[in-house]
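Let's take a look at a protein together and see what we can read from its model. Have the sequence and the 3D view ready.

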Amino acid sequence: MEETKGVTEAAPIPKQRGEQLVDHAVRYAEERHWDVFPGTWLEAEDGRELCSCGNTDCPAPGAHPVMQGWAASATGSAMQVRRMWQKQPKAGILLPTGRTFDAIDVPEAAGFLALARMERMELTLGPVTLTPNRRMLFFVLPGATAKVPDLVRRLGWSPASIDLVARGEGEYVAAPPTRFGGRGAVQWARRPTPANRWLPDAEELINPLAYACGREAASARARRD
């Protein structure tokens, strides 16, 4: 996995010839030691892409667990990953948060603004994903869910008012190149590399993230008015 530098390089990771979802899932387990588990997937039907769960009103088509006990099935064993995807090769790749990483989830516009500022500040960054529903997720050390609300309030905002969410224990995120919602695939805005194996603490990134989210929220209110 090569590093993507700059906010202009958010294109999807090109698939190698013959590469399957299982290959990505195995690399996450082997190279990053991330637990992974299979999710649902999209099926083409009457010109539409519907979730494999069969619910036509699915709130997360192609990107939710296929079973209730997903937390117990998540594994970092490459052998077990291959077995799971052998049963369903089209399954989306889901990563549980609260184990080896948490994720700070922000609107796409705010995420790109914060990312540019962080790079100017030469802050240490972990991997960052860009989702089809226009969100960006910054991977940080576990424990962010306990810290972030208070950190944001100290800066003068409430997390809900600026649309900033920390995802931790009991939650999960979709990993590239999982496709969901009929809008495309999850991409890397900053790819996992040996250089960003050591994740930052949420406290190191919260200032630029909260500032960017606050600015975007104010712009959105001004547009509505």
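Start with helix 3. Turned away from its buried side is a face that carries the exposed residues Met79, Gln86 and Lys87.

## The buried side of helix 3

Which residues of helix 3 are buried? Helix 3 runs over residues 78-87, and its buried residues are Ala78, Val81, Met84 and Trp85. They sit on the same side of helix 3 because they cover an arc of only 120 degrees around the axis. Here's a handy rule: an α-helix has 3.6 residues a turn, so residues three or four places apart point the same way.

And what do these buried residues pack against? Their partners are helix 1 (21-31), strand 1 (37-38), helix 2 (70-73) and strand 4 (93-96).

## A look at Ile104

Now hop over to strand 5, which spans residues 102-107 and is where you'll find Ile104. Is Ile104 buried or exposed? Its relative accessibility is 0%, so Ile104 counts as buried.

If you skip the neighbours within four places in sequence, Ile104 is in contact with a whole list of residues, including Met136, Phe138, Val148, Leu164, Ala202 and Leu209. As for Val128, it lies 24 residues from Ile104 in sequence, and the two are 9.4 Å apart in space, C-alpha to C-alpha.

## How confident is the model?

Keep in mind that this is a predicted model. The pLDDT averages 89 over the protein, and 92% of the residues score at least 70. Residues 1-18 are a stretch to treat separately: their pLDDT is below 50. Beyond near neighbours in sequence, that stretch has 38 contacts in the model.

Key. Residues numbered from 1 in each chain as written. Predicted model: local features only at pLDDT ≥ 70, side-chain atom pairs only at ≥ 80, totals over all residues. Heavy atoms only, no water. Buried < 20%, exposed > 50% of the residue type's maximum accessible area, 1.4 Å probe, protein only. Helix = DSSP H or I, 4+ residues; strand = E, 2+ residues; numbered from the N terminus. Arc of directions from axis to C-beta. Contact = heavy atoms within 4.5 Å. pLDDT = per-residue confidence, 0-100.
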